[in-house]
Amino acid sequence: MELVVFVLAAAMILVGGLGVVLRSHPVHAALSLILTLFGVAVMFVAQEAHFLAAVQVIVYAGAIVVLFLFVIMLLGVDRTEDIKTEPFKVQRPLAIIVGLGVIGLVTAAVVASRDVVATRGSGIAEPAMTDPDSNIRQLSRSVFGDYVVAFEVTSVLLVVAVVGTVLLTRKVKSTSKESQ
Amino acid sequence: MNNTTALLGLDPIAIGDLIWTPLLIILLKVVVVFVIGLVATMLMVWFERKAIAGMGNRIGPNKAGPWGLLQTLADGIKLFFKEDLLPDRADRFVFKLAPYLAFVPAFLVWAVIPLGGDFSDGKDGLVTWFGHATRVQLADPPIGVLLLLALSSVAVYGIMLAGWSSGSKYPLLGSVRASAQMVSYEAALGLSIATVILLAGTLSTSGIVGHQSSFADWHVVSTGVIPFIIFMLAATAEMNRPPFDLVEAEQELVGGFNTEYSSIRFGLFFLAEFMNTITMSGVIVTLFFGGPQGLFDIPGIPGAIEGSIWLIAKVLVFLYIYVWMRATLPRFRYDQLMDLGWKILIPASLGWFMLMAVLRLGRDKDWNAGLVAIVAAVVILGCVALMSTAVKVSKANREREGAMF
């Protein structure tokens, strides 16, 4: 059962990921991204991280990609682009190097820390069947307890980004009389 | 621990080895939920047309079947046999995909709504079928309510992609309006649910229903009425029902996001819309009105059936309210819609959530109740004053710059 779910979800993630890169149509690429996000959500459910799966769908698939699509539609760039022409010459070689580097690093990390992950992982397992809310309880303990400062700083960062965006898009008011 | 059970949800029937009887019960539940969903939608379309006709002093459907009951069936058959048009400039794959993206989430919500159960004499809603204890709901995942939010956020795609893939201006305008509206009101929807979760202490829908065992515990009472009102308004906007149906403002947009759709693809959008009305009424009843929990024992009826009767009665009230709103309220203007969502509903739901959290903390820590209430009232008044000043100043600024609204 677990293996079947893993294979299906992994196929979803890979097909979606390839679609994001290879589809020449921006809207199709965004839809492929949704497929990938759903695959990751299925993976979370299979790992009994139900809360993360729900948040993944609500936040990423439900809000962020909707905004992507929104921008694509409003800016009118929703037509096929020729992916053969390259806007920046150095981009593709750099992307290949970075991609290979990340794959190498992740593989190395997993291989190196295999024993540690196995022993630590058994420690945090709390039977989800006896307490359905254990997921949320553990998450909130670490977010609002151990890492509360980092959490608050992140939210300040987001507020700064929002205020900055609003300020950047506003016109300067003092010259509005003359320009009219 | 058995991983399969966790995947299937928390229903006690799915725990342990899956043998034939439980499997058959689950299959039966799937079929029953599916059929009830379709039949209820069919009756809802009839009910809405009939009620609106009555309010408009007309007769309404009265030809097909007794009292016109089969009118929806006749319309459905007609839709199946109509020509299925595909616009020239349409994005073929997305155009075909969109109706299902609208329809499937509307159906899936049914799976987590408790449709009945034995709550008489303080029981926890479990019923026994063929010697197996189970809940009268298809699935009871630990994230219950969040699943509702996730599905409603997926439903945005159906409308958005339908409008875009039609390759025409009016549907695109309709779908851009729809997605902006749905994304805006999702925040208020989620925040008003948060207040309910705060009191119930669990996300699972059966747990939330179990928590509302008497009238004073119904969340509409125990959270104060505000979250219920916010949820009701936000849900109406989320479903694009009148008075928030700018998505298909036919005077401005021809027909809205579904202008280019015909035949059964249009039928699926239509079905999804009406099914959403029923499921949202079910969600409101589950979250705020105790779901299948009754006010009193109906004499002569076993407890397990009583729950379903209460649920149907409560859902019917909300269905009628939705029809009533559609028949009596004029459509909002777009800027009014956005003002209501962002400047009233979201701050109000956030403020009320904070208030409930403080009251709860005060009760847990044995603070002076009167002092807590006074401080909370002062803080709320201060926030309201700040908020309204900010809105006034920004409005004055915009008027000085010469904007229309």
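**Close-up views of a predicted two-chain model**

**View 1. The largest nonpolar core of the model.** This core comprises 118 residues. The residues with the most contacts inside it are A:A54, B:A102, B:V109, B:M160, B:A234 and B:I284. The model is predicted, and the values in these legends are computed from it. In soluble globular proteins, nonpolar side chains tend to be buried together.

**View 2. The surroundings of B:A234.** B:A234 is among the core residues with the most contacts. With neighbours within four places in sequence left aside, its contacts are B:Y185, B:A188, B:L189, B:S192 and B:L345.

**View 3. Helix 6 of chain B.** This helix runs over residues 169-200 and contains 32 residues. From first to last C-alpha it reaches 46 Å, close to the 46 Å expected at 1.5 Å a residue. Helix 6 of chain B is mostly covered, with 24 of its 32 residues buried. After the helix comes B:G201, which has a positive phi near 75°.

**View 4. Helix 3 of chain A and its bend.** Helix 3 of chain A covers residues 50-75. Its 26 residues should span 38 Å at 1.5 Å a residue, and the 36 Å between its end C-alpha atoms agrees with this. A bend of about 25° occurs in this helix at A:V65.

**View 5. Chain A as a whole.** Chain A has eight helices and zero strands, and its pattern along the sequence reads α-α-α-α-α-α-α-α. Of its 180 residues, 17% are buried. Among contacts in chain A with a separation of 6 or more, 49% join residues 24 or more positions apart.

**View 6. The cis peptide bond at B:P243.** The bond from B:P242 to B:P243 is cis, and its omega is near 0°. B:P243 lies in the loop between helix 9 (226-238) and helix 10 (250-253) of chain B.

**View 7. Positive phi at B:W67.** Although B:W67 is not a glycine, its phi is positive, at about 55°. The residue is placed in the loop between helix 2 (20-55) and helix 3 (71-81) of chain B. B:W67 has 12 other C-beta atoms within 10 Å and is therefore exposed, the limit for that class being 12 or fewer.

**View 8. Positive phi at B:S263.** B:S263 is not a glycine, yet its phi is positive, at about 60°. This serine belongs to helix 11 (residues 263-288) of chain B. B:S263 counts as partly exposed because it has 15 C-beta neighbours inside 10 Å, a count between the limits of 12 or fewer for exposed and 20 or more for buried.

How values were computed. Residues are numbered from 1 along each chain as its sequence is written. Chains are lettered from A and ligands numbered from 1 in the order in which they are written. This is a predicted model: local features need pLDDT of at least 70, side-chain atom pairs count only at pLDDT 80 or more; totals for chains, interfaces and linings use all residues. Helices (H or I, at least four residues) and strands (E, at least two) are DSSP runs, numbered from the N terminus. The expected span of a helix is 1.5 Å times one less than its number of residues. The bend at a residue is the angle between axes fitted to the seven residues ending there and the seven starting there. Two residues are in contact if their C-beta atoms, placed from the backbone, lie within 7 Å. A nonpolar core is a set of buried Ala, Val, Leu, Ile, Met, Phe, Trp, Tyr and Cys residues joined through C-beta atoms within 7 Å.
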